Amino acid sequence: MKYLDVRLRQPDRMLHPMQRFIREEDAVRYEELRTWNILGPEGDREYELFYAEADREAYEAAIEAVDSVRWYDLTPIDEDSFYVYICQETREEDVRWRQSFAALDLVVVPPVIYDSEAAFYMTVVGAGEDLRAMLEGLPDEIDVTVRAIGEYDRRHAPLTGGLTERQLEAVAAAVAVGYYAVPREAGLEAVAERLNCAASTAGTLLQKAQARVMQRLVRQRGRGFLGDETNATALDAGK
């Protein structure tokens, strides 16, 4: 079973009005789609639960103006964050790109995270050939960036997704010897001894692990995601 971390950026004409609100205004600091359900006789009605950190008044004004929204229920958490439960009609613009999933044995693992450009990040799980077919079936006008591909293992998600086993071992060794203690109790030499490698190798492993975790953390908090890395060979069917 493979997983695919992917960023999809739609052209302006395909954007949902709330995505356009995210892209054009500064009111939303972070938003994620927690879960969803598509119902109706022809899949023409959907229910969605969002978590948002935003200017609540501006957000509500924007959602009130969306024609496809039948009703919504906003539940405040604190002054800066809230949940939004929405019932809305499925838009034709969304039907088209969703068709790339329709006939495939794929599962989207929540949450779906939106960035400041209203692009969204998804983790999709399934067979390698189905993941390839999904990518090939997306409309050409959608900008697709593959972030990571590999064997799915929820134990390493979400922050450590994309780290190699050796990088995880290095981080575990660093924690064990006190490398991350404050104040620091051991240096790279102690980490290297535990890993049975050179200190320079231990340092490189930790730097790469830290870079990936920090990049992923920034992405999850809606501030963008730095750096690209694609391992297309991991999509080989049956591997």
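Which residues is Met122 in contact with, leaving aside its neighbours within four places in sequence?

1. This is a predicted model. In it, Met122 is in contact with Leu4, Asp5, Val6, Leu8, Trp97, Phe101, Val108 and Val112, once neighbours within four places in sequence are set aside.

2. Met122 also belongs to the largest nonpolar core, which has 40 residues. Tyr59, Val84, Trp97 and Met122 have the most contacts inside this core. Strand S6 (residues 106–114) gives the largest share, four residues.

3. Eight strands form an open sheet, in the order S4-S5-S3-S2-S6-S7-S1-S8, with antiparallel pairing. Strand S4 (69–76) and S8 are the edge strands, and each pairs on one side only. Ignoring direction, neighbouring strands are turned by 20° against each other on average.

4. Strand S3 (residues 45–54) and strand S5 (residues 81–89) run antiparallel and are joined by nine bridges. Glu48 has Ile86 in S5 as its bridge partner.

5. Two helices pack on the sheet. Helix H2 (residues 56–64) touches strand S2 (28–39), S3, S4 and S5, and its direction makes about 165° with that of S4. Helix H3 (residues 92–102) touches strand S1 (2–9), S2, S3, S6 and strand S7 (120–126). The direction of H3 makes about 25° with that of S7.

6. Is Leu138 buried or exposed? Leu138 is buried, because its relative accessible area is 6%, under the 20% cut-off. Not counting residues up to four places away in sequence, Leu138 touches Leu8, Trp97, Ser100 and Val144.

Note on methods. Residues are numbered from 1 along each chain as its sequence is written. This is a predicted model: local features need pLDDT of at least 70, side-chain atom pairs count only at pLDDT 80 or more; totals for chains, interfaces and linings use all residues. Side-chain values use heavy atoms; hydrogens and water are left out. Buried means under 20% relative accessible area, exposed over 50%, partly exposed in between (1.4 Å probe, protein chains only). Contact means heavy atoms within 4.5 Å. A nonpolar core is a set of buried Ala, Val, Leu, Ile, Met, Phe, Trp, Tyr and Cys residues joined through side-chain atoms within 4.5 Å. Two strands pair if DSSP finds at least two bridges between them. Axes are lines fitted to C-alpha atoms, for helices over the stretch in contact, and angles run from 0 to 180 degrees between N-to-C directions.
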